[in-house]
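Hi everyone, thanks for coming. Please bring the picture up on your screens, and we'll walk through it together, one piece at a time.

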Amino acid sequence: MQDFDYLKPDDVYLDAACQSLRPRPVIDALNRYYTEHNSCGERVKYAWGQTTDSLVEETRTKLLKYLKLKSRDYFVSFTLNTTYGINLILAQLPPNRFQKVITSDIEHNSPFLATIAYARQHDLPREVLSRNEDGSLPLDADYTNALVVVNVVSNIDGRTLTNLKDLVKTVHKQHGIIILDAAQALAHNSDLLHKTDADALCSSAHKAYGASLGVIVARRELIKILEPNIIGGGMVDDVDRDRFQLSAQSADHIYTRFEPGLQAWGEIIAFGAALDWLTRLPRAAHESLAHHSETLYDFLSNHPKVSLLNHAPTPTQSFYIDGLDSHLVGDSLSDQGVMARTGYFCVHYYLDHVMHYPPLIRFSLGYHTRASDIEKTIALLERMLG
Ligand SMILES: Cc1ncc(COP(=O)(O)O)c(C=O)c1O
């Protein structure tokens, strides 16, 4: 694709689940910020700052539109990454609101560890529910007054939370709160998030073709029960010797609640460019990604020496090869310019302790992936497998 024209023919980047390659318009937007209007947002009156403010505001609006959410119900804050977003919300949730904490077995360490820490800190029981093969969670579990933190798309095999809408309804009916880890959902499965009724979602722009940045989309109602903790510059309307008034009390500045200190203005603006880019992608780009995922899946799922974890040809596929050390396979692929991940991809509990898999190899594709990338990868694996 033209927008990845910097990608050399021999470089095969198969680690998009970690960080997308950034398309030119996103890199250009970031460059424009640094070269044309480098300035503080939210604080300055000069022209560069006004340009920054209006582009940052546009990104908030674009994200809500991308997710088909209303600004009447939700607001957008920027942060470091998904992990930081989840921890920031949990750190502010009053524990006396909950009877238990619930997560699932295929979670990334990001929500997995954060829920362990929250439960431990507040002496709450924690349940780890098993996800079904289709990615759904049981609706007959007891979600009474539960704090639920689960992913929408898995970073192991692209499995999706197929009953997300029903789950949110069930949790809310039982007076629980549900926070979504949408790190893997924003780029290739955003339809699952459309009109979500969840209390909050956390994601990473760097996994959705944007620059390095985290994002929190939260219900305006949620703020009423949060207890502010990380606070400082950029968040207050008034400060006296021993008291302060948070700007988040006003509906227009509610997002400042999760934005202590100076923000990554250039990255926020570049994320707006990424959302524009994703929204305007031609059908051919989606078809091509689906086609490459299928070609890879057909090879991996049919080879007798390959144990593939996927049950469907998603862009993220994990496997191991009988008799071959995955890390050595990764090294060997790397020698030929194929960049893949090996190990447990921050899902240690499920992959290592539940399934007892050996370290794995993960190929994760993106809109930058070319037919030649897949052909080369398959040819190298065929040679290795004998
Ligand atoms: C499903 C999932 N959740 C959370 C994360 C954490 O994202 P970040 O490192 O951007 O905080 C990842 C990263 O790979 C992920 O795949």
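Let's start with a sheet: in what order do the strands of the 7-strand open sheet lie? The order is S2-S8-S7-S6-S5-S3-S4, and the pairing in this sheet is mixed. Before we go on, keep in mind that this is a predicted model.

Now look at the two ends of that row. Strand S2 (74-79) and strand S4 (126-129) are the edge strands, and each of them pairs on one side only. Between neighbours in this sheet, the average turn is 15 degrees, direction ignored.

For a parallel example, find strand S3 (residues 100-104), which pairs with S4 over 4 bridges. Within that pair, Thr103 has Val128 in S4 as its bridge partner. Packed on this sheet is helix H2 (residues 47-66), which touches S2 and strand S8 (214-219). The direction of H2 makes about 120 degrees with that of S2.

Which strands stand at the edges of the open sheet of 4 strands? The order here is S11-S12-S15-S14, with antiparallel pairing. Strand S11 (306-308) and strand S14 (341-343) have a single partner strand each, so they are the edges, and one side of each is left without a neighbour in the sheet. Neighbouring strands of this sheet are turned by 30 degrees against each other on average, again with direction ignored.

If you zoom in on S11, you'll see that 3 bridges pair it with strand S12 (residues 316-321) in the antiparallel sense.

Helix H8 (residues 283-302) lies across S11, S12 and strand S15 (360-364), and it runs at about 25 degrees to S12. Helix H9 (residues 326-335) lies across S12, S14 and S15, at about 40 degrees to S15.

There is also a hairpin to find. Strand S9 (residues 236-240) and strand S10 (residues 243-246) run antiparallel, joined by 4 bridges. The hairpin gets from S9 to S10 through 2 residues. Opposite Val239 you will find Phe244 in S10.

Now for helices packing on helices. Two packed helices are described by the angle between their axes and the distance between the axes. Let's do that for a few pairs.

Take helix H1 (residues 24-36) and helix H7 (residues 265-279) to begin with. They pack at an angle of about 150 degrees, and their axes are 8 Å apart. That angle is why we call H1 roughly antiparallel to H7. Their crossing is right-handed. On the H1 side, the residues that meet H7 include Val26, Leu30 and Tyr33, and among their partners in H7 are Ile269, Ala273 and Trp277. By class, this contact of H1 with H7 has 12 nonpolar, 1 polar and 1 charged residues.

What is the angle between H8 and helix H11 (residues 371-385)? It is about 10 degrees, with the axes 10 Å apart. H8 and H11 are therefore roughly parallel to each other. In this contact, His292, Thr295, Leu296 and Phe299 from H8 meet Ala371, Ile374 and Ile378 from H11. Those residues divide into 5 nonpolar, 2 polar and no charged.

Another pair is helix H3 (residues 82-92) with helix H4 (residues 109-122). Here the packing angle is about 20 degrees, and the axes are 9 Å apart. So H3 is roughly parallel to H4. The crossing of H3 past H4 is right-handed. In H3, Thr82, Thr83, Ile86, Asn87 and Leu90 take part, and they meet Ser110, Pro111, Ala114 and Tyr118 in H4. By class, that contact divides into 5 nonpolar, 4 polar and no charged residues.

Hold on to Thr83, please, for the last stop. Which residues are closest to the ligand? They are Asn81, Thr83, His108, Asn155 and Ser204, out of 13 residues that surround the ligand. The shell around the ligand has 3 nonpolar, 9 polar and 1 charged residues.

Note on methods:
Residues numbered from 1 in each chain as written. Predicted model: local features only at pLDDT ≥ 70, side-chain atom pairs only at ≥ 80, totals over all residues. Near = placed C-beta within 6 Å. Nonpolar A, V, L, I, M, F, W, Y, C, P; charged D, E, K, R; others polar. Axes fitted to C-alpha atoms, helices over the stretch in contact; angles between N-to-C directions. Parallel < 35°, antiparallel > 145°, perpendicular 65-115°, else oblique. Left-handed = near helix turned anticlockwise from the far one by under 90°. Contact = placed C-beta atoms within 7 Å. Pairing = 2+ DSSP bridges.
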